[in-house]
Amino acid sequence: MDALARFPGSYWRDLFDSRVGRTTWPYGSGVWSKKEFVLPEIDSDHIVSLFEGNSNLFWAERLGREHLGGMNDLWVKQCGISHTGSFKDLGMTALVSQVNRLRRAPLSRPINGVGCASTGDTSAALSAYCAAAGIPAIVFLPADRISLQQLIQPIANGATVLSLDTDFDGCMRLIREVTAELPIYLANSLNSLRLEGQKTAAIEILQQFNWQVPDWVIIPGGNLGNIYAFYKGFEMCRVLGLVDRVPRLVCAQAANANPLYRYYKSGWTDFQSLVAGTTFASAIQIGDPVSIDRAVVALKATDGIVEEATEEELMDATALADLTGMFACPHTGVALAALFKLRDQGIIGTNDRTVVVSTAHGLKFTQSKIDYHDKNIKDMLCQYANPPISVKPDFGSVMDVLQKKLNGC
């Protein structure tokens, strides 16, 4: 940081802006366009990039106007529009690049592979980047707890996939034990290299707002590395003079997997891990987050808030977002549900510039959408369901249905 601080904030703003849209290796990547803030010493030949980052900042104008009391400055940072369909690519390019560098160096203990425990998205990102670099990947997945779309990604990319009859926390305990014994590099967010890449999403948000700071950033939270990464990116820009403040952060958790929320409600006095219950937001179905301490630092430093969402709240929020032009994952639904609550409480104002972080692509979680629109979820009203209409294949029947539909608009 000291070396970076020799240059004024305007230098970094101009440098990063000059790289937007460039294809010169490796600066076309949203992460590596900010190389000096990520891994400044790495040689470009060692970088493993799939041109991650530079994700869309979607203006959720209709959702804000019609469903959130006229919010006119609501945005969704679509980190799921990435190579493997999640924000995990941002961190994995940094980690696998460093491993690629280390594997080419003389080491007393060679690195034979890279491993992770995953609720789905981390394994997909790790497998893709390792496949691109020719590095063996090993992933531990909780059996029957991730979507088929997530499961097929590491399989297709050639990873060694171990399906374990436990939850994510059990997988995490095992991978830490295994990497202590075997020459396998641990790739979970416990590794700070991941956060170096993930923090660039925060810098991108500032850049997309022409270096103006939003009032609020709402982030889904599971293992809790990402909220610290966003804080780190914002705070780094503040310290180096690119901006003069940081936004308030909100961490949104599923009510069925909410250890941070309970800790927050205790006044930060009583953290207790828990056995996470089943949630449609499966990627944050974590009861013993490894980055709990980092998350608390980020929230305290930004006067942050923790909110939770029930299964019905998160699925309804997802459906509403989709009905206004998005195709949101359930984790984005958790963050949107938190936004609805904070608007109802008057904490987030009508004119507050607010960014909701979408962490994955909705195409990874289509079964939850199918079940919702079929009204096939137990004890859930599914009030925004839009099921297909069965119609006889004749002109009169089709016209009857369409006239009723159009007259109801």
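## Exercises: salt bridges, a lysine and a surface patch

In this predicted model, K369 and D322 form a salt bridge, with their closest N and O atoms 2.5 Å apart.

**Exercise 1.** Find where K369 and D322 sit in the chain, then work out whether K369 is buried or exposed.

*Solution.* 
- Step 1: Look up the helices. K369 is in helix α15, while D322 is in helix α13 (residues 311-323).
- Step 2: Check the spacing. The two residues are 47 residues apart, and the pair links distant parts of the chain.
- Step 3: Check K369. Buried means under 20% relative accessible area. K369 has 9%, so K369 is buried.

**Exercise 2.** Which residue forms a salt bridge with D121, and where do the partners lie?

*Solution.* 
- Step 1: Find the partner. It's K364, and the closest N and O atoms are 2.8 Å apart.
- Step 2: K364 is in the loop between β10 and α15 (366-373), and D121 is in helix α5 (residues 121-133). That's 243 residues apart.
- Step 3: Check the burial. K364 comes out at 6% relative accessibility, so K364 counts as buried. D121 is buried too, at 4%.

**Exercise 3.** Compare the two partners in the salt bridge between D73 and R353: is each one buried, partly exposed or exposed?

*Solution.* 
- Step 1: Look at the bridge. The N to O distance is 3.1 Å, and the residues are 280 residues apart.
- Step 2: Classify D73. D73 has 14% relative accessibility, so D73 counts as buried.
- Step 3: Classify R353. R353 has 22%, so R353 is partly exposed.

**Exercise 4.** Which residues make the nonpolar surface patch of about 440 Å²?

*Solution.* 
- Step 1: Name the members. They're I389, V391, V398, L402 and L406.
- Step 2: Zoom in on L406. L406 is in helix α16 (residues 395-407).
- Step 3: Check its exposure. Exposed means over 50%, and L406 has 61%, so L406 is exposed.

Note on methods. Residues numbered from 1 in each chain as written. Predicted model: local features only at pLDDT ≥ 70, side-chain atom pairs only at ≥ 80, totals over all residues. Heavy atoms only, no water. Patch = residues over 30% accessible without salt bridge, like charges linked within 9 Å, V, L, I, M, F, W, Y side chains within 5 Å. Areas by Shrake-Rupley, 256 points an atom, 1.4 Å probe, with all protein chains shown as cover. Salt bridge = Lys/Arg side-chain N within 4 Å of Asp/Glu carboxyl O. Helix = DSSP H or I, 4+ residues; strand = E, 2+ residues; numbered from the N terminus. Buried < 20%, exposed > 50% of the residue type's maximum accessible area, 1.4 Å probe, protein only.
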